[in-house]
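Subject: Handing over the model

Hi,

Here is the structure I promised to pass on.

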Amino acid sequence: MLIGKVCSIRGGIRSCVVRPIASLFTCPSNMAKSKFEYVRNFETDDTCLKNCYIVVRLDGRNFHRFAEQHKFTKPNDNRALGLMSRSAHSVMDELEDIVIAYGQSDEFSFVFKRSSNWFKRRASKLMTHVASQFSSSYVFYWKEFFGDQTLLYPPSFDGRVVLYPSNRNLKDYLSWRQADCHINNLYNTVFWTLVQKGGLTTVQAEDRLKGTLAADKNEILFSEFDINYNSESALHKKGTTLIWEKRDETVTKRLKRPNEEEKDVNVTRSRRRVQAYHCDIIGDQFWQDHPDILEDDNC
């Protein structure tokens, strides 16, 4: 044990006491608080209601400008979409209570299970952690998708927290986001086809599409450009859904047993991995195929 010497002079007499060094830096319990501690009373209690799914949704801030500055391919840039998914994958690796994530364009939604107690269910903690992990991952993995293209400035994402008390509410939320993906992608596909292949200006293409319905847009693609929208990439039409799945992994290990020579042995282990899907999540089939995502409504 490390020791130290404390000396004092009283009445002209010098006295010293030997104490463990640790005790020299220990404050009495009644001195642990200061008069300034009252400011903590101004903090808002943002604990999320129990037995609700916690959804943290991120949206790119000023991403139209960001896409223009970095010359993203129109209407869809697979590099950018891949980077968004990779960043979301990183968030799920960090926060394993996220049971499903869904993303399209410049947004991603992360769903924490109802029973999650991460960060004591504080909305601000959950949102800031997801946003910071996603943003830093976007910068960190940029070169993996864009190669030598320079990242001119770091992107930013705003976030919000929404609670959904039932499985139906959560499924409707995710259905809403996927329906939004379809609507936006159909419009953007027709719009940029009119500009890139039809020779229209962006203003002319916008005027051409005013008041058109989905059937009208499909007809423009097919009759004027011989494009069947149903044949377009599922990634663009359906977005990206990330879930946890157990996968068997076989690795070879070199083992040595008593009285035997070393030899290679195949070892199989089951591990949880994040898996990406580009499929319909509005219908029932996806949920029937993955029943472990949702928790019992009767909990």
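Two things on the ground rules before that. This is a predicted model, so local features need pLDDT of at least 70 and side-chain atom pairs count only at pLDDT 80 or more, while totals for chains, interfaces and linings use all residues. Residues are numbered from 1 along each chain as its sequence is written, and side-chain values use heavy atoms, with hydrogens and water left out.

**The sheet**

Start with the open sheet of six strands, whose order is 6-3-5-4-7-8 with antiparallel pairing. Strands here are DSSP runs of E with at least two residues, helices are runs of H or I with at least four, and both are numbered from the N terminus. Two strands pair if DSSP finds at least two bridges between them. Strand 6 and strand 8 (263-277) are the edge strands, each pairing on one side only. From one strand to the next, the twist averages 25 degrees. Axes are lines fitted to C-alpha atoms (for helices, over the stretch in contact), and angles run from 0 to 180 degrees between N-to-C directions.

Six bridges join strand 4 to strand 5, and the two run antiparallel. Strand 4 also pairs with strand 7 (residues 240-255), again in the antiparallel sense, over four bridges. Tyr-102 shows both pairings: its bridge partner in strand 5 is Ser-109, and in strand 7 it stands opposite Thr-241. Strand 7 is in turn joined to strand 8 by 15 bridges, also antiparallel. There, Arg-254 stands opposite Asp-264 in strand 8.

**Around Phe-108**

Phe-108 sits in strand 5. Contact means heavy atoms within 4.5 Å. Phe-108 and Asp-59 are 49 residues apart in sequence, but their C-alpha atoms are 6.8 Å apart in space.

Ser-85 is buried at 16% relative accessible area. Setting aside neighbours within four places in sequence, Ser-85 is in contact with Phe-108, Thr-240 and Leu-242.

**Helix 6 and its neighbours**

Helix 6 lies across strand 3, strand 4, strand 5 and strand 6, and runs at about 20 degrees to strand 4. Helix 6 (residues 167-196) also packs with helix 8 (residues 214-225), at an angle of about 35 degrees and with the axes 10 Å apart. On the helix 6 side, the residues that meet helix 8 include Leu-186, Tyr-187, Val-190 and Leu-194, while Ile-220, Leu-221 and Phe-225 are among those on the helix 8 side. By class, this contact has eight nonpolar, three polar and two charged residues. For those classes, Ala, Val, Leu, Ile, Met, Phe, Trp, Tyr, Cys and Pro count as nonpolar, Asp, Glu, Lys and Arg as charged, and the others, Gly among them, as polar.

**Salt bridges**

How many salt bridges does a search of the whole structure find? It finds 13, where a salt bridge is a side-chain nitrogen of Lys or Arg within 4 Å of a carboxyl oxygen of Asp or Glu. Three of them are worth a look:

- Glu-107 and Arg-177 have their closest N and O atoms 2.8 Å apart. Glu-107 lies in strand 5 (residues 107-112) and Arg-177 in helix 6, so this pair ties together parts that are 70 residues apart in sequence. Glu-107 is buried at 5% relative accessibility, and Arg-177 is buried at 4%.
- Asp-59 and Arg-160 come to 3.4 Å between their closest N and O atoms. Asp-59 is in strand 3 (residues 53-60) and Arg-160 in strand 6 (residues 157-164), so the pair ties together parts 101 residues apart in sequence. Asp-59 counts as buried at 13%, whereas Arg-160 is partly exposed at 36%.
- Glu-37 and Arg-40 also form a salt bridge, with 3.4 Å between the closest N and O atoms. Glu-37 is partly exposed at 30%, and Arg-40 is exposed at 54%.

Finally, Asp-59 and Arg-160 belong to a network of salt bridges that also links Arg-57 and Asp-158.

Cheers

Definitions and conventions:
Buried means under 20% relative accessible area, exposed over 50%, partly exposed in between (1.4 Å probe, protein chains only).
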